[in-house]
Amino acid sequence: MNKKQNRIVSSNLIDIPTCLVQWTVPNPDYNPIPTGLQGFDGAAQKYPGGRTGKIGRGDFHNWGPNWMSPAIVTRISPKTGLMEALGIRYAKESKWTFPLHPINEQDPEAEKALKATINELIVYLVSSTNSNSIQKMVDLIIQNSHKTLIYVGHLPDDPNNTDDAWTSVGVTHFHIFDTKLARSIVQNPFPERETTITTWIQIQNTSIDMIFQYHYQMVWIEKCLKIVFPEENFYFYFVNFNFNFN
């Protein structure tokens, strides 16, 4: 193996061979790039996913895990009978994602953060400025959905992760079994200008790898599908899918 590590200039990262990513494997030639605040003695706590090619606090507020609380809201489409999820596409992005909101402590089911996450989805879905009606809809979703915590841990493939600071998440799935409530959450017409939008996205019997931004989001979707349809098998095939959520 060539001991000289290749730097990817476009992303300012070090290209680390897969066999040398984990901390348990010695890598004496590892020379990560400093980013953000330096000086943290992180000997006792390193990114659980292994070497990232960067050290320092980066763009994060905290050293170590920085906890976020994504929420995935799903329903059975009244039109197609297939499962859909509320996805958000930020301005100038080409693929869909799920919003993340910070939580102060390791409390994956922090109600305040979950409400903020669902609120963001609903605001862009209905294009409304009526905060009372939006909050009422958010409360209805939380109170009348089947709620499951589907994953707690670090966020793989987050480009902001460093060896010393990273994103950790507690992902909560809300499935709306109430057909009346599911029908009431309707999509307003998309605005003409390029902006952030939310919509219902079909996630059953479709190629979700062409729709969502990150591989880990597809794993979350698979878990959501298995909760609603426990007797069915769902298989997704990805390129460079080398992390484990078990």
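**Legends to close-up views**

At a relative accessibility of 40%, Lys 226 counts as partly exposed; residues under 20% relative accessible area are called buried, those over 50% exposed and those in between partly exposed (1.4 Å probe, protein chains only). The model is predicted, so local features need pLDDT of at least 70 and side-chain atom pairs count only at pLDDT 80 or more, whereas totals for chains, interfaces and linings use all residues. Residues are numbered from 1 along each chain as its sequence is written, and side-chain values use heavy atoms, with hydrogens and water left out.

**View 1. Overview of the protein, with four helices and ten strands.** Helices (H or I, at least four residues) and strands (E, at least two) are DSSP runs, numbered from the N terminus. Read from the N terminus, the order of elements is β-β-β-β-β-β-β-α-α-β-β-α-β-α. The protein has 246 residues, and 46% of them count as buried. Contact means heavy atoms within 4.5 Å. Among contacts between residues at least 6 apart in sequence, 67% join residues at least 24 apart. The accessible surface comes to about 13700 Å², and 49% of this area belongs to carbon and sulfur atoms. Accessible areas come from the Shrake-Rupley method with a 1.4 Å probe; for residues, only the protein chains shown count as cover.

**View 2. The salt bridge between Glu 222 and Lys 226.** A salt bridge is a side-chain nitrogen of Lys or Arg within 4 Å of a carboxyl oxygen of Asp or Glu, and a search of the whole structure finds four. In this pair the N to O distance is 3.4 Å. Both Glu 222 and Lys 226 lie in helix α4 (residues 215-228), four residues apart, or about one turn of the helix. An α-helix has 3.6 residues a turn, so residues three or four places apart point the same way. Glu 222 counts as buried, at 17% relative accessibility, while Lys 226, at 40%, is partly exposed.

**View 3. Asp 164 in the loop between β8 (146-154) and β9.** Asp 164 counts as buried because its relative accessibility is 5%. A salt bridge joins Asp 164 to Lys 46, with the closest N and O atoms 2.8 Å apart. This pair links distant parts of the chain: Lys 46 is in the loop between β3 (33-34) and β4 (54-55), Asp 164 is in the loop between β8 and β9, and the two are 118 residues apart. Lys 46 is partly exposed, at a relative accessible area of 31%. A polar atom of the Asp 164 side chain also lies 2.7 Å from the backbone nitrogen of Gly 56.

**View 4. Ser 168 in strand β9 (residues 165-176).** The relative accessibility of Ser 168 is 3%, so this residue counts as buried. Its side chain makes a polar contact with the side chain of Trp 166, at 3.4 Å. A polar contact is a pair of N or O atoms within 3.5 Å; within protein, one must be able to donate a hydrogen and the other to accept it, and residues adjacent in sequence count only if both atoms are side-chain atoms. Leaving aside residues up to four places away in sequence, Ser 168 touches Pro 65, Asn 66, Trp 67, Met 68, Gly 153, His 154 and Leu 155.

**View 5. Helix α2 (residues 131-143) and its cover.** With 13 residues, α2 reaches 18 Å from its first C-alpha to its last, close to the 18 Å expected at 1.5 Å a residue; the expected span is 1.5 Å times one less than the number of residues. The buried residues of α2 are Ile 134, Met 137, Val 138, Ile 141 and Ile 142. They lie on the same side of α2, because they cover an arc of only 135° around the axis; the arc is that of the directions from the helix axis to the C-beta atoms. Asn 132, Lys 136 and Gln 143 are exposed on the other side. The cover over the buried residues includes β6 (71-76), α1 (111-126), β9 and α3 (179-184).

**View 6. The salt bridge between Lys 115 and Asp 139.** The closest N and O atoms of this pair are 3.4 Å apart. The pair links distant parts of the chain, Lys 115 in helix α1 and Asp 139 in helix α2, 24 residues apart. Lys 115 counts as partly exposed, at 26% relative accessibility.

**View 7. Ile 201 in strand β10 (residues 197-202).** Ile 201 is buried, with a relative accessible area of 7%. Not counting residues up to four places away in sequence, Ile 201 touches Met 83, Glu 84, Ala 85, Gly 87, Trp 96, Ile 211 and Phe 212. The C-alpha atoms of Ile 201 and Arg 75 are separated by 10.0 Å, and these residues are 126 apart along the chain.
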